[in-house]
Amino acid sequence: MKKISFLLLGAVLVTLCSCSGTVTTQRFDENGYPILKWGIPYMEFEAEKGHIWVNIDEESLNNALHEKGYEFSVEVVYMEEVGSEDWELLTDYTQLVKSYEKENGSLDILTLGTTAKGGEGYDLITGGYFEPLDYQNAAFYDIFSEELWNTMKWNGTVYTVPRSGSLFNPQLVYYFNNEVIPEEEIENFDGTLEYAAKIAMSLPDDDELRKIDMGSVGTDFKCIYDYDYAQGLVLDYKTMQAANPFEYEPFVQWARTANEMYNAGCFSHYPYYDSHTPFDVMHAYPNVEDEGYEFVEKPGIVVCSITLRDFEWFNCTAEQMEEFAFTGYITSKTPASTGIAAGSGNKENALTLLELCCTDTDIIDAIGGKVVFNITEKEEVDDCIAQGIKISPYGGFMICCNQVKEYLEIGDRAKEMLYSLCMAEDFDAALAGIKAELDEMGIDGYIAAVNQMIADAGLR
């Protein structure tokens, strides 16, 4: 990214030391205003075109700040420049931050990464990187629901502003074709996958029908069960402990039901294996251009989905489809959240910037809308809660891969095994084999390490 020239003209005038030993170098712009450095993840998904997770126009932001009388400027530092396939590098966001600060001094504000294998918040928060946030006296306090603030606490302290993007569709949605399924069957639906399977398996074989499409997998059903699913493990809400998913009854029951439907020929096509999410067992929409896949244009009977689907894919109209939505849990808020670096020499201005990015519409527009914080106002959260949507007790918790490097292979293998289990000819034999393999790989050690993280976060 091309930086604004006046941001690069500042002279080095102040040098401080952060609590972590990082030298903090203060620079000033041509107006004599201190420059706040804001670290933000950068991900290059295409070689020819860089995809920036959030692209802040520094000139617009600084002009807006100065016009409003704020006497500081902002320099955006994109922290992450790796390809989307390089997952091992994506786990080292913490190291990227430390390497940058060793060369350039402490950042003032840092936005955490959103990578699938990261868990950066654990290392950075527990390592003392962030300044404790006096959130109850901040201008943005009332924007977020108290329930969301509570998800951000690590041992009772808040360090980052919530990211509430996972409020999107925290529901499990079923659709039934009322031209094929008897009305009484639909009226008696109880929301379980077992009932949906019963309907699908009771229908006569018919080459003109697609009995069931699955836009969701067992790990998505966590939104209505009392557990989260992370890095191949179940995180139970009642015990507040990590567990082996293949020994956790709700998870196993989902897989058993999916297996029964698969063996009964209920699915509309051969299960699709998505390399990005290897546990995506019965994907309803394979890329029709992929070799070996052909879209079958048959009327859909039962659809299970986390999000609303285009009914044309099912050769149906909205009038044909009866919808059932089941409220679930709002989960992780810490990934992509933003806080103030403990090593910052401008903590007061850094807090002001965070407040403006949440509360001032001109500043919000200057940073490209609410994409940085993905703000969902308190009223929206309260409305979700009024509808029965709950907030996960693991809302701000992450499994830090740097702390369990020796177990990452176990987590990946556990996710892959769900795929094979749902297509097994003998479910119980396959389940026994999976448990034996995971035991041999050392899953108990993995679970113990994650449980220690849960304890360290003050969740039990």
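Predicted model: local features only at pLDDT ≥ 70, side-chain atom pairs only at ≥ 80, totals over all residues.
The protein has 14 helices and 18 strands, and 53% of its 460 residues count as buried.

**Nonpolar cores**

- The largest nonpolar core holds 72 residues, and the members touching the most others are Leu110, Phe246 and Phe397.
- Helix H12, covering residues 408–422, gives the most to this core, with 7 residues.
- There's also a second, separate core of 37 residues, with Leu133, Leu148, Ala350 and Ile389 among them.
- As background, nonpolar side chains in soluble globular proteins tend to be buried together.
- Back to Leu110: once you set aside neighbours within four places in sequence, its contacts include Met79, Tyr93, Val97, Leu124, Tyr129 and Phe130.
- Leu110 is also in contact with Gly39, and with Ser337, Thr338 and Gly339.

- Strand E4 (residues 73–78) is largely enclosed by the rest of the structure, because 6 of its 6 residues are buried.
- Both faces of E4 are covered, with Ser73, Glu75 and Val77 buried on one side.
- Strand E3 (residues 35–40) runs parallel to E4, and 6 bridges join them.
- If you want a spot to look at in this pairing, Ile40 stands opposite Tyr78 in E4.

**A three-stranded open sheet**

- Strands E11, E12 and E13 make an open sheet in that order, with antiparallel pairing.
- The edges are E11 (227–230) and E13 (242–243), each of which pairs on one side only.
- E12 (residues 233–236) is joined to E13 by 2 bridges, and the two run antiparallel.
- Within the sheet, Leu235 stands opposite Ala242 in E13.
- Helix H14 (residues 443–456) packs on this sheet and touches E12 and E13.
- The direction of H14 makes about 40 degrees with that of E12.

**Ser392, a buried polar residue**

- You'll find Ser392 in the loop between strand E18 (390–391) and H12.
- Ser392 has a relative accessible area of 2%, under the 20% cut-off, so it counts as buried.
- Its side chain makes a polar contact of 3.1 Å with the side chain of Asp228.
- The side chain of Ser392 has a polar contact with the side chain of Tyr237 as well, at 3.3 Å.

**Aromatic pairs**

- The count of aromatic pairs comes to 21.
- Take Tyr70 and Phe72: their ring centres are 6.2 Å apart and their planes sit at 55 degrees, so the pair is tilted.
- Phe72 is buried, with a relative accessible area of 2%, whereas Tyr70 counts as partly exposed at 27% relative accessibility.
- Tyr135 and Tyr141 form a tilted pair, with 5.9 Å from centre to centre and 50 degrees between the planes.
- Tyr135 is buried, with a relative accessible area of 8%.
- Ring pairs link Tyr135 and Tyr141 with Phe140, Phe144 and Trp149 into a cluster.

Methods:
Residues numbered from 1 in each chain as written. Heavy atoms only, no water. Core = buried A, V, L, I, M, F, W, Y, C linked by side-chain atoms within 4.5 Å. Buried < 20%, exposed > 50% of the residue type's maximum accessible area, 1.4 Å probe, protein only. Helix = DSSP H or I, 4+ residues; strand = E, 2+ residues; numbered from the N terminus. Contact = heavy atoms within 4.5 Å. Polar contact = N/O pair within 3.5 Å; in protein donor to acceptor, adjacent residues only side chain to side chain. Pairing = 2+ DSSP bridges. Axes fitted to C-alpha atoms, helices over the stretch in contact; angles between N-to-C directions. Phe/Tyr/Trp six-rings, centres within 6.5 Å; stacked < 30°, edge-to-face > 60°.
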